[in-house]
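The model comes first, then the notes.

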Amino acid sequence: MVNRQESLFAAVTFFAKTHPGEVCGSNGLPLTPNSIAILGRSQRLKEIKHPNLCQYLDVIRGKHERTIVVSEYGGCTLQDKAKEPLGTNEVLHIFYQISLALNQLYQLKIVVHNLEPRHILLDSWNNVKLFNYGLYYLTSGGDYVPFPIGNIKYMPPERLMGSKNNIKSDVWSLGVIIAELLLQCIFWPNLKISNISRKILSFCQAPNVFEKIAREHNRLELYKNLSEDLRCMIESCLAIKPTERPLPSALLQLPLFKENLNSYQIAPNEKSSVLLLRMPLEQIYYWWQLAGGDVQADLKKEGLIRSEAPILSIPQVVCLNGNIVGPKRSQSYLMDDRVVPLKLQNLIERLKGIPATAYYPLIHCPKFPYIFGVGMDQLPLVIREKDIEYQFYRGYPYTAELIRNEAAVDIPPLLRGPIWSCLLDVIPNGSYKKIDKFTPTSTDRQIEVDIPRCHQYDELLSSPEGHRKLKRLLKAWVTAHPQYVYWQGLDSLTAPFLYLNFNNEELAFLSVFKFIARYLQWFFLKDNSAVIKEYLCKFKQLTAFHEPVLAQHLVSICFIPELFAIPWFLTMFSHVFPLHKILHLWDKLMLGDSSYPLFIGIAILKQLKSTLLASGFNECILLFSDLPDIVMENCVIESQKMYEITPKSIAHRFYVNRDHELGPFDITSDITLADLQEEMCPHISANDLTYMLRNTPEKMLILDIRNISDFNRVHLPHSINIPYVSLQFGDKSLEILNVPQLQEKLQRKIIICISNVHENAVKFSKFLVECGVPQVCVLHKGFNILHCIEPNILISN
């Protein structure tokens, strides 16, 4: 018996069937390994939670098609329990709870076809849990493995004749198991498999299978002593025709159970004295892994994984058709059905110093401040995600404001999917089910071409189940947006949401829906040229704002954003970076508005700055065709800094969703695309200028380039007058401006160029950028707009 204090879950392992040679599918691509197909199907089993079913926790893919399944495991098996005779009430208790489990699986359209006493677990209260019930489903009815599934002793005749996927075959298996318990013997213990199969097939001629088995095992008297109701129940389960066998739901309604129904129900277990063991099982398994738990290492200790020298497996002859002639396959590749419990001792030891209050933190209660894990947030993100104590303390609140505050620190990998949906204001409403995802459309061909190329290094997304889900999501999005078209890149954009919500397609769909509306509004129009051109113009201006030297160099070699940045922004970098980097990048992106991706783009350029400055046009083209490794944590930190110090109006775009209408002191829509393309520096609104002047005047420097008489008449406080009419821009040096210590005054400040002639401000701001001055912008609508601001911010003489 497995002690609950020592282990809550266990692992089994087997090898998936290998494809012969280099076989390709109908699309010309290599066939997906069966172990990956198993991994994709396993995700559905992880969602099943029922008191009579062991919870599936993980499926791990190893070398050479090895598959490892981790699931809940505890108590003793019915095989061990049945070594001592069981009373009729005990047997009925077990029968009822197995029927509950089978009924739940029937409702989920899952058959077991692997039901036998060693896969039935009992705790100290005789509560039943089915173990390894998903093997048949995982392997697509055994198609993905080279061995048969199920114990032939408990198979019905129709299974031996090739019939499958019928829940009533499991009802037969249940009948045989209960018959063994009632007759207090193991059927055909010494017969070979071939003889057992003949026995089972011979039942087809028997009028009463249960009675025939009792006679064969000299248990006829026990059989006759059973109550008539009980005998009839077993006989109905062992009916030769599947149509005559009852469904699990019918078994649960039998009068035999109604007499003492309460005694057959699941008895509540006592709560463990170890607080850790009261937590959800998936969380315990996650922490067990962080504490150093290694499933493969434990299987090696038990001898289930054995390594052999690769030279011993080299074939002697390889035929042109892919067949291999050589040494026999190692014995280590044979099916080994041993179960290996995974010990919790190390995890309990690691967390024994955690105070009891940390298990149930009162995050929303002011009387109990949440101070656990203070100081750990200074560690690098990669270390924090692997640190068990830190992840244990990352309890999450349930109000929008507090969720945003916690997400600004970091997002725990275990909760990333639900937290992203909260940050995107997703509210599931059942709308996904109503969308037509199956009717053929004109975009189907392109979707089918794109999916096999979308993040296929990830085992989950490369599985057949992953392909099907991604196709449904893409078709649903296209159907739900008749005003948009499918652009290549939408698959990459959808993939991270599917990866995080693999078993919740609606949440993945609604997250994509909200994400695109927030960050990519109108990007997927049939004619999106105006939207993308505006976006790239703003990117070019913001690059000049934060990196003027680099921006000038890229302009000088004619390396424009259209040559490299479109796939960045159309897919929010998901087409450029691997999935694990995208997750960290989007953790911060979700907290920003629609302008945040522009700062990510600049942060990438900053990391490549030294290389770009030393490169010409051709070298830059080669560099971006195979982008070097980007340190994502630095990119996130840098983009966050730029986003925070940049006034919102500087990143203003017309093609965005807005929460409020623009006022007269905001940047209005009178700026044309041609204006954007001509101007190097962005505009700042009068609202932002006023806010900074009143709250953070030390962070800005106003350069008023009107003539001296206008400046003396009225001007902004702390502004410097540099009359434009007296300037000659031949020499690209700040010295020609004749302002003492100007270089020092410009440092770490936002430079706002103000004039009553817009063209003068544009030319002057461009001159500053050419001199390498960062953070230069132009006041939108010029000085005259400031006369209208109340209360007055101008100084008059």
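Ring pairs join Phe-523, Tyr-535, Phe-539, Phe-559, Phe-564, Trp-568, Phe-569, Phe-573, Phe-577, Phe-617 and Phe-624 into a cluster; rings of Phe, Tyr and Trp (its six-membered ring) pair if their centres lie within 6.5 Å, with planes under 30 degrees apart counted as stacked, over 60 as edge-to-face and the rest as tilted. This is a predicted model, in which local features need pLDDT of at least 70, side-chain atom pairs count only at pLDDT 80 or more, and totals for chains, interfaces and linings use all residues. Residues are numbered from 1 along each chain as its sequence is written, and side-chain values use heavy atoms, with hydrogens and water left out.

**Aromatic pairs**
- The structure holds 46 aromatic pairs.
- Trp-477 and Tyr-484 are stacked, because their ring centres are 5.7 Å apart and their planes are at 10 degrees.
- Trp-477 is buried, at 2% relative accessible area, and Tyr-484 is buried at 9% (buried means under 20%, exposed over 50%, partly exposed in between; 1.4 Å probe, protein chains only).
- Tyr-535 and Phe-569 form a tilted pair, 4.8 Å centre to centre with 55 degrees between the planes.
- Both Tyr-535 and Phe-569 are buried.

**Charges over rings**
- The charged end of Arg-41 sits over the ring of Tyr-137, 4.3 Å from its centre (the criterion is NZ of Lys or CZ of Arg within 6 Å of the ring centre and within 35 degrees of the ring normal).
- Arg-231 has its charged end over the ring of Tyr-223, 5.3 Å from the ring centre.

- Leu-563 counts as partly exposed because its relative accessibility is 42%.
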